[in-house]
Amino acid sequence: MTNAQVTLIQIDNYGPWTVTPEPRREVDLQTLQSRLYADLAQLVGNREGYVFFTRFDNMIAVTNGMDEADHALVQESVANRYPVTVSFGVGVDPSPVAALSAATEHIQDAGSAQAADRTEILRGATLDPDERTDDDVQIAHFDVNDATGKYTDQMNAFDSFIHIEQGYAELMRYFRRAHEGLSFFVGGDNVIALSPDLDAAAYEDAIRHVEETVEVELKVGVGQAANAQHAGMAAKHALEDCRDDGDRVVID
């Protein structure tokens, strides 16, 4: 049985800040967003979690193993390094979608994302150590079959990107609707998903749907552990087994 702990990370008052006292250069905003994501990925990663950039001003993290004090230290580190602060909402549920919904409600209940007086909110309960198990987090690592041969080496870079993006977008929509999982593009032709406790048939269903809908063929390795980092590494090894054996789904 999974029990995902999901943290929504939201930059405080970001929209107004980008145009105060006058509109800031887009290159500076893009640089700030990418550096903030990189720092959060490392800060949470050092605590065995994962961060996904989504819209950059909103990021989603898998934080099993992190308590309230850990979250507060990450917030403090960001405030010391950047001209912006971040708010955190934390949710816990066997369903990743339900966990994220709870995390989102905690932040929304504290005020608007563009409210100047909503700063460094930290709301929501983390998993008690006594409630944690070795099976709390299921991570699925999806990969496009022969992306280099079919796309990278055959098409111009933008058309390749369109094909990969179509596969990711359809997986993201369907996996959330049919299986209550959260899927995130992580670069190249790779998608990492935070999943509930799914079996091989559910992953086969998702892969088949994407292939039939947008003609992108996927394979997936799945791992399960007490935190995102360990589950993710197990998923990577399972994906290597897919590549070696020609299987579409391998669960470690």
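Because the model is predicted, local features need pLDDT of at least 70 and side-chain atom pairs count only at pLDDT 80 or more, while totals for chains, interfaces and linings use all residues. Residues are numbered from 1 along each chain as its sequence is written, and side-chain values use heavy atoms, with hydrogens and water left out.

**Overall form**

The protein chain holds eight helices and 10 strands; helices (H or I, at least four residues) and strands (E, at least two) are DSSP runs, numbered from the N terminus. Its radius of gyration is 19 Å, close to the 18 Å that the globule rule gives for 252 residues, so the chain is as compact as a globular protein of that length. That radius is taken over C-alpha atoms, and the rule is 2.2 Å times the number of residues to the power 0.38. The C-alpha trace spans about 55 × 50 × 30 Å along its principal axes.

Of the 252 residues, 49% count as buried. Buried means under 20% relative accessible area, exposed over 50%, and partly exposed in between (1.4 Å probe, protein chains only). Among contacts (heavy atoms within 4.5 Å) between residues at least 6 apart in sequence, 70% join residues at least 24 apart.

**Strands**

Strands of a sheet pair through backbone hydrogen bonds, either parallel or antiparallel. Here two strands pair if DSSP finds at least two bridges between them. Five strands form an open sheet of mixed pairing, in the order E2-E3-E1-E4-E5. Strands E2 (50–52) and E5 (122–123) stand at the edges with a single partner strand each, so one side of each is left without a neighbour in the sheet.

| Strand | Partner strand | Bridges |
|---|---|---|
| E1 (residues 4–11) | E4 (residues 86–93) | eight bridges |
| E7 (residues 182–187) | E8 (residues 190–195) | five bridges |

In E4, Ser87 is the bridge partner of Gln10. Ser183 has Ala193 of E8 as its bridge partner. The hairpin of E7 and E8 has two residues between the strands, and Gly188 takes a positive phi near 60° there.

**Arg81**

Arg81 is found in helix H3 (residues 68–81). With a relative accessible area of 47%, Arg81 is partly exposed. Not counting residues up to four places away in sequence, Arg81 touches Asp39 and Leu43. Arg81 and Ala234 are 153 residues apart in sequence, and their C-alpha atoms are 33 Å apart in space.
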